[in-house]
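Subject: Structure handover

Hello,

I am passing the structure on to you, with notes on what was found in it below. Please look through the structure first and then read on.

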Amino acid sequence: MAATIAGVFNPELQNLIKESKILLVGAGGIGCEVLKNLVLTGFSELEVIDLDTIEVSNLNRQFLFSKESVGKAKSHVAKTSVLKFNPNVNIMSHFGDIMDTKYGVAFFNKFKLVINALDNKKARSHVNRMCLSCQIPLIESGTMGYNGQVEFIKKGVTICYECNTRAEPRTYPMCTIRNTPKEPIHCIIWAKFLFNQLFGEIDEIVSFDEENIESEKLSARNWAIQNDYNPKKLFKKVFFDDIKALMNMKDLYADKKIKPVLLDESLLDQEHVKYSDVLDSEMLTLEQNISMFLDCVTPIKEQWEISTNKCLVWDKDDDMMMNFVVSCSNLRSALFNIPFKTHFDIKSMAGNIIPAIATANAMIAGQIVIHALRILRGKFEKCQNVFLRSMPNHKGGVLVKDRCLQPPNPKCNVCSSKGEIIFTTDMNNFTVRQLEELVLKKKLNMVAPDVTMLDRVIISSDETDGVDMYDMTLSEAGMTSGCSFDAEDDHQNFRVKIIAFDKEKSRDEDPDFEIFNNKNDLHTANEQNNKTKPDEDDEDDCFIDQAESTVCDNNGDTREAVNHLMVDKEEIGYEEVTEGGAEEIGNEEEEITEKISNEEIDAEEISNEEKLAIKRKADEAIEDINDAKKSRVD
């Protein structure tokens with residue numbers, strides 16, 4: 001290995017490499033590359049943790065795995081694979097969730113450095129807090145397609161993962177999914193719900209039965225069982241009878257721009273149309289989608305009959321299950337005059353597949369190890385954030401770095417003692433249980449929260465305390481508008497002050513609660529809400545979280561995420577974006593413009609070509625900075 005070869009590293013760094021214990025969180029696309037690099041560099045004390053098992057779709061870029069590895073724990077297989085490079089490395093693999101309480105402060109304190117190769121915001125926030133608590137350097141990383149980022153985090157030295165506000169996942173009203181879809185993604189979510197109704201765990205009801213409006217509804221599964229999952233009967237019910245029932249509800253579509261249209265009934269008796277020779281990147285016709293639907297129902301039914309507890313989990317790598325969602329989503333699109341999507345596009349959206357390029361993962365993994373060597377030597381000032389660009393800049397470079405480290409945000413709720421959170425909700429209806437589950441755990445990413453107000457315990461993570469106020473509303477628990485309380489997580493060594501304000505919902509579609517970083521943000525949001533008219537289609541307060549249901553349209557929301565600066569997935573998840581470092585980069589842009597414009601140029605001494613060259617140089621420099629800013633991914 002490199003550290004054992006004389007002359008590659010100086011003796012001091014050689015010893016640091018051999019003696020330093022490193023924790024790698026995540027063994028996916030980036031994680032595999034990083035683990036391989038660490039072993040080949042000469043690191044001999046490593047631990048890797050991942051809670052996922054290997055899927056077929058991982059094999060194109062996660063090279064430590066093979067077909068024989070499918071279904072096995074990523075961390076264990078990755079360990080076995082890299083030991084073939086160097087069997088003398090001491091690697092411990094963990095198949096589990098890094099947020100489990102057994103991986104607490106004592107676990108993290110064993111390491112000299114932590115490297116994140118994660119795919120979700122919640123786990124990243126947790127590792128960020130653990131490293132801040134233990135004062136351990138953390139390297140964050142991510143890629144999306146040809147873009148990527150490496151970020152160094154150290155308490156008191158740089159911004160932390162939560163210093164900048166992250167955009168929340170996009171949500172969709174359930175009424176839009178059921179009754180008034182407007183985009184292909186709405187139809188894809190509906191198709192996955194229909195699959196769960198017929199073959200999986202019963203989810204939201206998206207199939208409508210006119211005959212049982214006033215009485216108890218016959219579930220889609222029970223109806224299908226009574227009809228022996230007959231493909232043609234199922235097709236007629238879902239795409240003809242249910243739509244007629246919807247259209248008979250005149251009030252439902254009164255004053256609505258979006259209304260379903262009936263398909264031609266001759267399609268019920270159409271002959272089989274071949275579709276197997278159509279490429280995944282090509283669009284299927286309506287007739288081909290119908291044939292695909294009819295062909296896939298029976299094979300899925302046969303899987304369902306022999307499955308455990310007669311419950312299937314939708315799998316994007318299962319051809320028949322994928323064909324079901326493709327055909328159903330396109331047929332649903334036809335009913336609402338929405339453009340079709342290709343098999344490839346639907347699989348990307350329904351399967352939460354983000355473009356992942358093996359080369360990009362390799363480049364980011366290499367930069368991670370370079371950062372790791374600098375961190376071990378204490379050369380923090382050389383660990384600026386590094387961005388991988390999809391296209392070379394005017395200098396021919398694809399790796400662009402910040403000019404300097406970004407200092408911590410003094411108002412950060414996590415790494416600053418002065419941070420506070422503004423929380424608004426209807427205190428007469430919002431319960432203590434909702435406060436714990438929706439706000440503290442889901443929104444603020446706590447693991448085992450405790451809440452105290454004026455030395456009075458409202459929520460306790462210790463069951464022996466006997467605190468049981470979960471069914472009380474916040475008002476009944478003693479909270480009033482403008483009150484403050486402390487939320488603390490001993491596992492993360494994280495504490496934050498929360499100021500609560502009472503705010504009644506003016507519309508059904510208004511969120512149950514809102515979180516703001518400061519009062520200014522609250523005032524700004526209130527002003528915007530007063531100016532904004534309600535969306536005529538957002539009638540339901542039941543929302544679907546995109547991150548939990550499916551990924552957004554590659555032609556829409558993915559592009560929006562790329563234009564922001566932080567994307568969530570190893571291969572990145574995608575909705576999350578922040579303008580981290582934008583202020584600094586913006587200042588650089590101003591400096592360059594000012595420098596060029598302030599140069600004294602005698603028009604008589606230079607030619608027009610030289611003038612154009614100077615202007616082009618200024619434009620290229622500014623473009624370089626803007627491109628670096630756009631490439632920041634999480």
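In which loop does Gln 135 lie? Gln 135 is in the loop between helix H5 (121-134) and strand E5 (138-144); helices (H or I, at least four residues) and strands (E, at least two) are DSSP runs, numbered from the N terminus.

This is a predicted model, in which local features need pLDDT of at least 70 and side-chain atom pairs count only at pLDDT 80 or more, while totals for chains, interfaces and linings use all residues. Residues are numbered from 1 along each chain as its sequence is written, and side-chain values use heavy atoms, with hydrogens and water left out.

Overall picture

The chain has 19 helices and 16 strands. Of its 634 residues, 52% count as buried (buried is under 20% relative accessible area, exposed over 50%, partly exposed in between, with a 1.4 Å probe and protein chains only). Among contacts (heavy atoms within 4.5 Å) with a separation of 6 or more, 69% join residues 24 or more positions apart.

Confidence

The mean pLDDT (the predictor's confidence in each residue, from 0 to 100) of the chain is 81, and 79% of the residues reach 70 or more. The pLDDT is below 50 over residues 534-606, a stretch with 220 contacts in the model beyond near neighbours in sequence. It is also below 50 over residues 628-632, with 27 such contacts. Where pLDDT is low, the predicted coordinates should not be read in detail.

Helix H9

Helix H9 (residues 231-248) has 18 residues and spans 25 Å from its first C-alpha to its last, close to the expected 26 Å (1.5 Å times one less than the number of residues). H9 has a kink of about 35 degrees centred on Lys 237; the bend at a residue is the angle between axes fitted to the seven residues ending there and the seven starting there. At the start of H9, a side-chain oxygen of Asn 230 comes to within 3.1 Å of the backbone nitrogen of Lys 232.

The buried residues of H9 include Leu 234, Phe 235, Val 238, Phe 239 and Asp 242. Among the elements that cover the buried residues of H9 are helix H7 (184-199), helix H10 (286-306) and helix H11 (319-335).

Nonpolar cores

A nonpolar core is a set of buried Ala, Val, Leu, Ile, Met, Phe, Trp, Tyr and Cys residues joined through side-chain atoms within 4.5 Å. The largest has 58 residues, of which Leu 198, Phe 199, Phe 239, Phe 293 and Phe 324 touch the most other members. Two or more residues of this core come from each of H6, H7, H8, H9, H10, H11 and helix H12 (343-350). H7 gives the largest share, eleven residues.

Not counting residues up to four places away in sequence, Phe 293 touches Pro 231, Leu 234, Phe 235, Phe 239, Phe 324, Ser 327, Cys 328 and Leu 331. Another core lies apart, with 55 residues, among them Ile 49, Ile 458, Met 469 and Ile 498.

Single residues

Gln 135 has a positive phi, near 55 degrees. Gln 135 counts as partly exposed because its relative accessibility is 49%. Lys 310, in the loop between H10 and H11, has a phi near 50 degrees, also a positive value. Most residues other than glycine have a negative phi.

Gln 367 is in helix H13 (residues 358-376). Its relative accessible area is 11%, so Gln 367 is buried.

Regards

Conventions. Polar contact = N/O pair within 3.5 Å; in protein donor to acceptor, adjacent residues only side chain to side chain.
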